[in-house]
Structure formats: structure tokens, C-alpha cells
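Biologist: I should like to understand the terms used to describe this structure. May we go through them one at a time?

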Amino acid sequence: MDLLHNLTLGFGVALTFQNLFYALVGCMVGTLIGVLPGIGPVATIAMLLPITFHLPPTAALIMLAGIYYGAQYGGSTTSILVNLPGEASSVVTCLDGYQMARNGRAGAALSISALGSFFAGTVGTLIIVVFAEPLTRMAQKFGPADYCSLMALGLVAAVVLASGSVLKAIAMVFLGLLFGLVGTDVNTGAQRFTFDIPELSDGIDFAPIAMGLFGIAEIVVNLERRMSRSGAIKVTSLWPTREEARRAWPAVVRGTALGSLLGVLPGGGPTLGAFSAYTLEKKLSKTPEIFGKGAVEGVAAPEAANNAAAQTSFIPMLTLGIPSNAVMALMVGAMIIQGIQPGPEVMTKKPDLFWGMIASMWVGNLMLVIINLPMIGMWVKLLTVPYRFLAPAILLFCCIGAYSLQNSSFHVLQVAMFGVVGYMFVRLGCEGAPFLLGLVLGPQMEEYFRRAMLLSRGDPMVFLQRPISLGLLIATAILLVLMALPSIKKAREEAFQEEG
Amino acid sequence: MSRLLSKDFLSGVMFIAFGLTALWFGRHLQMGTTVRMGPGYVPHMLAYIMLALGGVISVMALFTQGERTEAPQWRPITMVTIGIVLFAVLFEPMSFVPAFVPAGLIPSLIVLVLIASLGGDEFKITEVIFNMVVLSILCIIVFKVGLQMNISVLRGVW
């Protein structure tokens, strides 16, 4: 009964004219950047963060969420039609999607991926509705020590599932935590690492760092490579044959289940979901040899999985305030800009925002199916715009966005500085996502750590004495040990090789 | 020699450098006790962790055959950085910029688009001018008219 009440409240908020409008804007922008290679949801959301400051909180979050799942839809379109993944999460879709298109089944591949994504999005939204309340209730029992351990688990898990070297990723988390310290110490008022610059006494703003690390560095790397583009395939009929539909359905259901599960895990999310779903389908199939030659299942399962994962990755962020990937870290940033402290209190104190956002995700998914299928031709045309036009435009929006944060050029200079830092990270093979997670969680983690130590009178054993904290730390330790095991290390490396 | 240029070794060095920087600039921060931590407790702890991790990463890199760091291409990163810095300086005129230099959205937009376009591998002046015109119109519509932001399009004029 409660569930129904919450959903009614949510739809009441989501279906107001203003929120429908921002959901539509988010979905359009998301689809656009999903179609365009060389700019992803992380960079876009980072760029738009300052602008959201001018919007009401619910509208801002609805729009940003729309960008995230809109990008999953848009990415698949270019994968299928031009063999060019718009997003990392749709790399696998290229394998069979483009082959289907070459066999003259482009329309079928597109509609299977759109409808599969819609089904997955619906299930994902339902999962959030069902699990949000119990998880939030559980989180309300957490003390400072428990929170600190939970964040440690979140950070470690994010590192384990991120690609590349584990040790470097851990170092990046700590570097992020270190950058999070800049500013005035909350407990004593002392200035830390502010270099006597008044703008830094409130801490380094999150948005310029994200823009520099993801936006600017990405543009520079793209300018270094020349991009070649192949011609797009014409779309004929959008309808799949009965045989194709019969083969797609079970794959969509399996992909949704796997994607939903992997989305909740810290460090999981759409990319991991899509890759795992493809591998699973290939293993289960009676005809694995047709994979890579235009198998319907190879399009349906990963597309469903990446969308389901995009939805369920909101669960830890909304209920616990713990972001599981870079996009969720940015959503936390957006909430902080709006003056909302993410965590279990959001649901009880701001039920309209919480349920409104969840309901809008379903509405957004519906919009995406409608705007995507008939408008495919227009999106594909956009691909012909050369990158030399896009790069200055993206830079310009970054600069204006950074300026508008506090009407100061200082933030624009910060973007330039973190652009250089981000470029160095790319060249040295250091992942930006763990850094961002550390940066977002850093201030809270220090706060909980100091509070826990104060409550225990300086006894670090408090982290092992509380059952919740102990359980979380054991889970963290198990993850770290598993990583060191040679067999798992090898499997993990192979998985990322396939991805790259 | 080549191992000193591997990605892992250099990133280890980078982490050590960040750790040392944090120690140096945080040297005056009070450590406090474990019960009542001072503002310097967590920074010191993190700095030492950075030093340790950086050390382990760089030492391990010396004993394994790692991926070599690609030489950076200087033009894109330099041009993009210069473009953003000039944008910041011109957008909101700073004290060291002479008063006759035009400031505001349009001048900084022109400079940014021009310099950023020089960072790419293909540069056609007609295309760049076309891009500037389109972006100027778009920015005025979105930021000045649409979002009603408090920015001047051309200082002293609009």
C-alpha cells in the first residue's frame, strides 16, 4: 500500500509540466552525446553541473538522470548503424548490431535494442522502488564507524571493478581523498592547502575538477587522434520478424536480470553489465558460432543489460549516499550544489524529490523509445559534423559553465589546471573515476572517521567491535584478497582486454 | 632506461610528488591526538599513504616490463590550455589587463574558438569564422536570453 502511495506521489511530481520538460531536455541531450563519439555522459554532466544550480533541485536531478540513461540509448544507435560505439557501454553492441545492419536488418536491430532497453528500464525502475525503502531503513541504523567502513567498502569495490592496475586505482582514490581535504577544516576552522587563496577556503569546487579531468582531457585526447568515419547504413523496416522477436525476448530478460544485479555493485554499471550479458548469451546459446555475425541475442542482451544497470546504479547513491561510479559521483555533486546532503535522509526529508526522480526515470525511458525510433535519421546525420567544429564548442560550454558557478574567472582557471592534470593521468594510464569517488567521499569520510574516533575515545578497535562495521570491513578484506589471487587476477585482465 | 619511462614508474613518481607536496604545505597543521584529531591528522595520514603507494608502484615497475609512456603531442594540450586561460582573463577583465582590451562573452569566445581550432590538425579560416558566428548566436540565446545569466556580451555595450 505504501508502495502505491509513494508511486502516486512520484508520478504526481514527475508529470508536472516543468519536470516533464527537463526530463525531455535530459533525454535529448543524452541521446545527442550518446550518438556523438568523443563525448560521454561523465563529461556532459560535469559541464552541465553549474547550470543545474539555476534550476529547482528536482528538475536538475531529473535532467541529469535523463542524460545518463539517454546516452545508453543513443550509444546503441551509432553502434548498429555505423559500427562506431558512441559510449563505452555500447562497444559490444557493435559486434552483432553492425553485422545485423549489414545483413539488411538494421531496423530490426534498432527496434529490438530500443524495446529491450525500455523493458530493462522499466524493471530497473521497479527494482529501485521495491528496494529503496528497506535499504534506507537499514542505513538509518548506521553509526559513524559503520559509515566509514561502508565508504571504505564502496571505494575498494569500485577499484576492483574498474579497469587497469588495482594498485594505481587505489592510489588514485587516496589522491582524490587528499584533494577533498582542501579548504577550511570543519572541526577547527584551520585553513588546509588553501595557499592563501580566498576562493579555496570553501574547498575545491567539484565541478571544475570533473570538467577538467573528464571534459578537457577527453577533448585533448580526441584532438590527438584523427577520427575516421564510415558511411551510415540506411534503415528500412523497423519491425523485427517473428523469429527474431522469439529469439530476442529471453535474451532481453536475462540481460535485464544480470544488468540489474551488476548495476547495484560499486564500480559496476552499464559497461560491465553489457559485457557480462554478451558473454553469458554466447555461453548459453546453442549456436555460439553465429555470434559476431549478426546474432539477435548479441544485440538484445547487452542493450537490456546496460540500461538496467544504468537504472539500478542509482540505488546505492539514493539510499546510502554512496556513489558507485563516476556518473553517480557527479549526481552526488549535483545534490550538494543544491544543498541536499545525499544519504538515507533524502527519502524521509524530501520524499517528493526522491520518488519524483524515480518516477521520472520510467517516464524518461518511455520518452526515449518515442524520440529515438522515428528520429534515428536525424541523429545519424549529426555524425557527419566534424570534430573540429565540436571541440571548440564543448570547450566554450565548459568555460561558461565553470564561470557561472560563482560568477568568477577563478573557476575557469581551475578547469584549465585540472585539464592539464587530467591529461597527465590519461598519459600515465591512471583512471579518473576512482579519483572522483575519493574526492566526493573524502570530506564525509574524514568527518565520520573523526567522529567515530571521538566517540570511542581514540580506540581504533571501534571499527571492529560494531557488528555492521566489522561485516563491511570483512567484505572489504575479502575483496582485496580475491584480487591478489592469481587465477582471478588473470580472468580480470582477460575481461578488460576484450573490452579494450 | 626504458623502464624509467614506463607508465607505472612515472605514475609512482607522480604519487610520491603529490605526497611530498601535501607534507610540505601541511607541515604547520596540528596533528592532535587520536581522540581529538587536529586538522593535520588526516592530511598527514593520507600523505604517508601516498608516499608508500607511490614507492611500491614505482619499485614494482622497475622489476616488470611495463607499458611505455607515449610521448605527448604538445600542440593540442597547449592550445586548449592557453585558450581556456585567455578566456578566463578576457571574460571578466582582471586588473592587469589594459582597459582598451575588449572584454565580455564575444571577445573571449572569439579568442577561445580561434586558439582551440589551432590545436586540431585541420584549420580552415572560413570554417572557424562560421563556427564563431554560430556559437555566438547560440550562447547569447541560451545563456543571456534563456537562462538570464548575469554575463556581459561585450563589456560596456550589452
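**Helix α4 of chain A**

Modeller: The model is a predicted one. In it, 25 of the 26 residues of α4(A) are buried, so the helix is largely enclosed by the rest of the structure.

Biologist: How do you know that the span of helix α4 of chain A agrees with its number of residues?

Modeller: The helix covers residues 57-82, and at 1.5 Å a residue its 26 residues should span 38 Å. Its end C-alpha atoms are 38 Å apart, and therefore the two values agree.

Biologist: Where is the kink in α4(A) centred?

Modeller: The kink, of about 25°, is centred on A:Gly70. After the helix comes A:Asn83, which has a positive phi near 60°.

Biologist: Why is the largest nonpolar core said to lie between domain 1 and domain 2 of chain B?

Modeller: Of the 215 residues in that core, those touching the most other members are A:Ala46, A:Leu64, A:Leu330, A:Leu395, A:Cys399 and B:Met50. Helix α5 (residues 91-139) of chain A gives the most to this core, 22 residues. Domain 1 (2-63) and domain 2 (75-146) of chain B both give residues to this core, so the core lies between them. The C-alpha centres of these two domains of chain B are 38 Å apart.

Biologist: Which residues is A:Leu395 in contact with, leaving aside its neighbours within four places in sequence?

Modeller: They are A:Ile219, B:Val80, B:Gly83, B:Ile84, B:Leu112 and B:Ala116. A contact is counted because the C-beta atoms of the two residues lie within 7 Å.

Biologist: How many residues does each chain bring to the contact between chain A and chain B?

Modeller: Chain A brings 53 residues and chain B brings 59. On the side of chain B that touches chain A, α3(B) has the largest share, with 10 residues. By class, that side of chain B has 36 nonpolar, 15 polar and eight charged residues.

Methods:
Residues numbered from 1 in each chain as written. Chains lettered and ligands numbered in written order. Predicted model: local features only at pLDDT ≥ 70, side-chain atom pairs only at ≥ 80, totals over all residues. Helix = DSSP H or I, 4+ residues; strand = E, 2+ residues; numbered from the N terminus. Expected span 1.5 Å × (residues − 1). Bend = angle between axes of the 7 residues up to and from the residue. Buried ≥ 20, exposed ≤ 12 C-beta atoms within 10 Å, placed from the backbone. Nonpolar A, V, L, I, M, F, W, Y, C, P; charged D, E, K, R; others polar. Core = buried A, V, L, I, M, F, W, Y, C linked by C-beta atoms within 7 Å. Domains from an automatic or database assignment.
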